[in-house]
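Have a look at the picture before reading on.

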Amino acid sequence: MNLNEEQLAVIRDMASHFMPPAEIAFMIAVPADDFRSWLQDENHPAFRAYNEAKIASVLELRRKIVGMAKKGSPQAEVLVNQFIQDQILGED
């Protein structure tokens, strides 16, 4: 199925706000199972729209958390330490 630009925009917006795939599928009027399968296909436009938006939002939040940690927030420091461990594990 080809998605139009309006559907891709909805995917980007909802993914950037961490909405579940089933709810995104509902809003773009496609079966949830179809949408989930598209998210597994790196060549599908839905995969790219969903992941780019989600990752951009995660990056934005992490920038804020790292900034807070650099200013001395103990809670943010704990999160940044977890980010560092996750990054190291992902490098293997």
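A residue counts as exposed when its relative accessible area is over 50%, as buried when that area is under 20%, and as partly exposed in between. Keep in mind that this is a predicted model.

Most residues other than glycine have a negative phi.

F18 has a positive phi as well, near 60 degrees. You'll find F18 in the loop between α1 and α2. Is F18 buried, exposed or partly exposed? Its relative accessible area is 43%, so F18 is partly exposed.

Now step back to the helix that F18 follows, α1. N4 caps the N-terminal end of α1, with a side-chain oxygen 3.0 Å from the backbone nitrogen of E6. Several residues of α1 are buried, among them L8, I11 and M14. The cover over the buried residues of α1 includes α2, α3 and α4.

That brings us to α4, which spans residues 45–70. Helices α1 and α4 pack at an angle of about 30 degrees, with their axes 7 Å apart, and their crossing is right-handed. On the α1 side, the residues that meet α4 include L8, I11 and A15, while Y50 and A53 are among their partners in α4. By class, this contact has 8 nonpolar, 2 polar and 2 charged residues.

Technical notes. Residues numbered from 1 in each chain as written. Predicted model: local features only at pLDDT ≥ 70, side-chain atom pairs only at ≥ 80, totals over all residues. Heavy atoms only, no water. Axes fitted to C-alpha atoms, helices over the stretch in contact; angles between N-to-C directions. Helix = DSSP H or I, 4+ residues; strand = E, 2+ residues; numbered from the N terminus. Left-handed = near helix turned anticlockwise from the far one by under 90°. Contact = heavy atoms within 4.5 Å. Nonpolar A, V, L, I, M, F, W, Y, C, P; charged D, E, K, R; others polar. Buried < 20%, exposed > 50% of the residue type's maximum accessible area, 1.4 Å probe, protein only. Polar contact = N/O pair within 3.5 Å; in protein donor to acceptor, adjacent residues only side chain to side chain.
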